[in-house]
Amino acid sequence: MTEQTIAAIATAVGEAGIGIVRLSGKEAFDIAEKMFVTKRGDSPKSLPGYSARYGRVVDPYQGRTIDEAILLVMRGPYSYTGEDVVEFQCHGGVVVVQKILETALRLGARMAEPGEFTKRAFLNGRLDLSQAEAVIDVVRSRTEESLAVAVDQLEGSLSKRISAIREQLYDLVVRVEAIIDYPEDDIPELEVDEMAEVIRTVIGELERLIATADQGKVLREGLKAVITGKPNVGKSSLLNRLLDEQRALVTDIPGTTRDTIEEVLNLRGIPLRLIDTAGIRESDDVVERLGVERAVQLWGEADLIIHVMDGSVPLSSEDREILARTRDKLRVVVINKSDLPRVWSLDDLDARDLGEAPVVEISLLEGELTPLVDAVVGLVSKGGIRESTASQAIVTRARHKTALEEAKADLENALETLSMGLPLDLISVGLQGALEHLGEITGETVRENIIDRIFAQFCIGK
Amino acid sequence: MSKNYDVIVVGAGHAGCEAAYAAAKLGCRTLLLTINLSTIALMPCNPAIGGPAAKSHLVREIDALGGLMGRIIDNSFLNIRLLNESRGPAVRALRAQADKVLYQSLMTQALESAPNLDVRQGIVTEILVEDGAVQGVKTKHGVEFTAPAVILATGTFLRGVLVVGQLRYPGGRAGEPGVNELSENLESLGIELSRFQSATPPRLHADSVDYEKLTEQPGSPVPLRFSFDSDHDDRPQIPCWYTRTTPKTIEVIRDNLHHSPIQSGSVVGEGPRFCPSIDRKVMRFPDKLDHQVFLEPEGRYTKELYCLGLTTAMPEYVQEEIVRSIPGLEHAKIMRPGYAVEYDYIPPSQMTLSLESRVVSGLFTAGQINGTSGYEEAAAQGIIAGINAAHKVLGKEPVILRRSEAYIGVLVDDLVTKGTTEPYRMMTSRAEYRLLLRVDNADLRLRPLGYKLGLVGEEQFARFNDKRRLINETINWLNVTRVNPTAEVRAKLQELGSGDLKKSVSLADLLQRPELSFADLKFFADCPELPGEVIEQVEISVKYAGYVERQLRQVAEFQRLEDVKIPDNIDYMKIHGLRTEARERLTAVRPVNLGQAARISGVSPADISVLAVVLKDVDKYVSA
């Protein structure tokens, strides 16, 4: 069997209490071995069918734990698909589930086509023949749905940027192919430097696109939010209230350094990644504990800043400074302790520093959280972010990202081939590969286009 | 004389010759019928074999399978050159200028002396069919020949019309009649026909050309051959000549565009984009003033020069003006004027991958009748049609080459699966696995099949086996022989302009360095004396290993879908999960496996998923 191992998120992401990432295929165990560490210390590969282990999903590339999870192992043919299957059952949050999926993809799995698990189950004789037509409907509808999402996603800036990149690549490929296929026609030769420059430019643009995909924003990965404010204004209360309210605590994700962690919660369908909450909980003072520099850096990285102030004590220079330094960010200003007498008013704040940030007066001790949630959701929606099911967005996004990364890898190969002084027939492998990967996103047939473009651009023939 | 045959081939062009030879070689009593015995294997257009990359790949593949074209051009070329040498082994190409008269003679001789093969003059006007199956053919003179398999290789003769300027008159080629009756007969059998057109440039008298103003294009000083079986000789090569159009040429053409058949509409049907007339080139690329013109000898014993680059069907006086506007051709005399030909072809989605009609059982087609262009493309289809017609008669499975196995496979699959909107020409860009389908390894890819079929003889195959064994042994030896980083080795590497060596490596590792060749290895080990073709294979195998392995993995993935067969009697209309467009396209093309289905335009990945599911329970979906 040459069936590639496929992976997909098996649960609706963001909404469900638990998230399942499922792998099926002959390399499923090998991949699990690389990305799961059992608590007991036994090897996932050695587990008998239908067994489960508690442990940690890790990212072997960065040596980091992604989440605590349960690993479920089924050995073919005794599995849903009839192949070797593993499932990672984790806390169902956008970031974690996606990270697990991406790790599996990097380890060699391929993103499953819509309905592919069901299809394999059927093809491997795990479903009753009488179910055939039901399966067809599933395949059909899921494919149409995901196509709709893909097309939907492509309208807009991503599509435009990919098209621009593709055009540059096409220009190069078409020249290469015209030279190769029509050696007797006077088609200008390509210089190595010229080719290298085009390839490098395209790689650069792909990198920027991949980086954008990584930032992902809002629906895709969650809005990176920071709760900030001077000590004892109620930041940890706010965090705990948000978490209680949403009952959606997913997990702790250790950040790049041990001093930051993220928590993901779902605010009316908008995934929020709260940064540095560990800091808040432990010392209740980010600035004090990490220093001003780090705090400023965190603000810079944030998509959304929730600035908490205490209305019952006089304004401090710290409050003003935070307000001034976060002027150009998406912000919600929370004036806490509305159950106590107010000692300052909004007029006391610098109007320019406050800008258009919504201000919510609230008592985190006894009041409702609704006005704050309204403000956050209002702010995010105004920013052009609309609600959609996160799971669909993630699936298509993971595909796009994989395709972009593969296109980049192909171009890097082409560049290496070029620098080694190897001939056009080898260089073209990477160039065409890259075009085909980009074509996967836009759904076009590259080969025919190349031939059409050769005749459109060059006066060929006798 | 018996009028009963196993296989009848209609037409003795490049497709018909290969088809008849292959069928006869496979043991079938074969009849080759042609309108004119004097025009067997005629090159009515460019007197050359190979040229644009992929054409030489086709010739090598035909040769590897045991066909004729490679051997005959090797014995009849006036000059031969290697193209794309610096662009990599996968796209290297040969181009041979043919002595077209000698080519015809040698082909005629090969066919006339082939066992099981009768060559006979006759104009076929009717295919005899009973109950949807071929019974034989009938000629204009009323003679009937019977056979359970008929191969049509009629070129441009079906309802052929010749066009010069505004003038249109019936003809298959200049000086030869077209055939209308067969077109009518095919239509009455339920076969759909469509129109294509093609054109050819004027021929000039060699003594009327001023060679002082031309650039000589000599043949290769290095011996080159198409066929894996040809020996090298040192026959003197006759050069081609090169010149360019001038602004005056463009002016003449612009002033006379209203006479151009493509402009005036006196020619209908789609022409090939890769072979545009000079009129079309001027219209489409108005800024380009100096188009290339090559003057190519047509034979050792004729003064005719082919004018490559000046294809046109303008009125003759305009052709004269065009020719005389070109440096070196100021006083050139036209011997044959250029003209266009318009003809019927059978849109190829009406046939199966074995080149058999899906409308009439036992009717095979090859060459221009299938909508292709080019001698090599025609010959490639010819050998496949010949094999499959014979196999049909002999009750054997059809031979279908995979896209990952041969350009011939790409060619046939493209025609059947995608159809074509212009005369189809093979290009390396059409192949997914170009690094595997190299011109140098056609024998490694296809000779074993040719031998198994019975087209390749014992002696040929023994020679091939020796070569293959030597290649494998040498690669093995390169992998196991170590080179240590001694001072001597490191100094030699430096001298060769190669990087330093830190630890012991295999000879193969060294050979992978782009700057080192097999010949350089003699400095590091006792290299065996090897034939050049073995060294070539070894070098390519080692140097390209990484790239080739990657394509092989892609092929394995690709093959998964190819291996899922679709029964011929599946009824797509019964599969409600398919979109309407997909049902119609699938019904029209009738793919034999899932991979082919996936290549049909209008069939989406979702449709393929649905099909994959259905195929598990296919009995529900077949028609009775």
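This is a predicted model: local features need pLDDT of at least 70, side-chain atom pairs count only at pLDDT 80 or more; totals for chains, interfaces and linings use all residues.
Residues are numbered from 1 along each chain as its sequence is written, and chains are lettered from A in the order in which they are written. Local features need pLDDT of at least 70 and side-chain atom pairs count only at pLDDT 80 or more, while totals for chains, interfaces and linings use all residues.

**Exercise 1.** Determine how H1(B) and H4(B) are oriented to each other.

Solution. Helices here are DSSP runs of H or I with at least four residues, strands are runs of E with at least two, and both are numbered from the N terminus. Take helix H1 (residues 14-25) and helix H4 (residues 100-112) of chain B: their axes come within 10 Å and cross at roughly 25 degrees. Angles run from 0 to 180 degrees between N-to-C directions, and the axes are lines fitted to C-alpha atoms over the stretch in contact. Under 35 degrees counts as roughly parallel, over 145 as roughly antiparallel, 65 to 115 as roughly perpendicular and the rest as oblique. H1(B) and H4(B) are therefore roughly parallel.

Next come the residues. H1(B) contributes Cys17(B), Ala20(B) and Tyr21(B) to the contact, and H4(B) contributes Met107(B), Ala110(B) and Leu111(B). (Two residues are in contact if their C-beta atoms, placed from the backbone, lie within 7 Å.) By class, the residues of this contact are six nonpolar, no polar and no charged. (Ala, Val, Leu, Ile, Met, Phe, Trp, Tyr, Cys and Pro count as nonpolar, Asp, Glu, Lys and Arg as charged, and the others, Gly among them, as polar.)

**Exercise 2.** Is Val222(B) buried or exposed?

Solution. Val222(B) lies in the loop between strand S15 (215-217) and strand S16 (240-244) of chain B. A residue is buried with 20 or more other C-beta atoms within 10 Å of its own, exposed with 12 or fewer, and partly exposed in between; C-beta atoms are placed from the backbone. Val222(B) has 11, so Val222(B) is exposed.

**Exercise 3.** Describe the side of chain A that touches chain B.

Solution. Start with the totals: 39 residues of chain A are in contact with 48 residues of chain B. H4(A) supplies the largest share of the chain A side, eight residues. That side divides into 21 nonpolar, five polar and 13 charged residues.

**Exercise 4.** Which elements of chain A have the lowest and the highest mean pLDDT?

Solution. pLDDT is the predictor's confidence in each residue, from 0 to 100. Chain A has a mean of 76, and 71% of its residues reach 70 or more. The lowest element mean, 37, belongs to strand S9 (residues 252-254) of chain A, and the highest, 95, to helix H1 (residues 28-35) of chain A.
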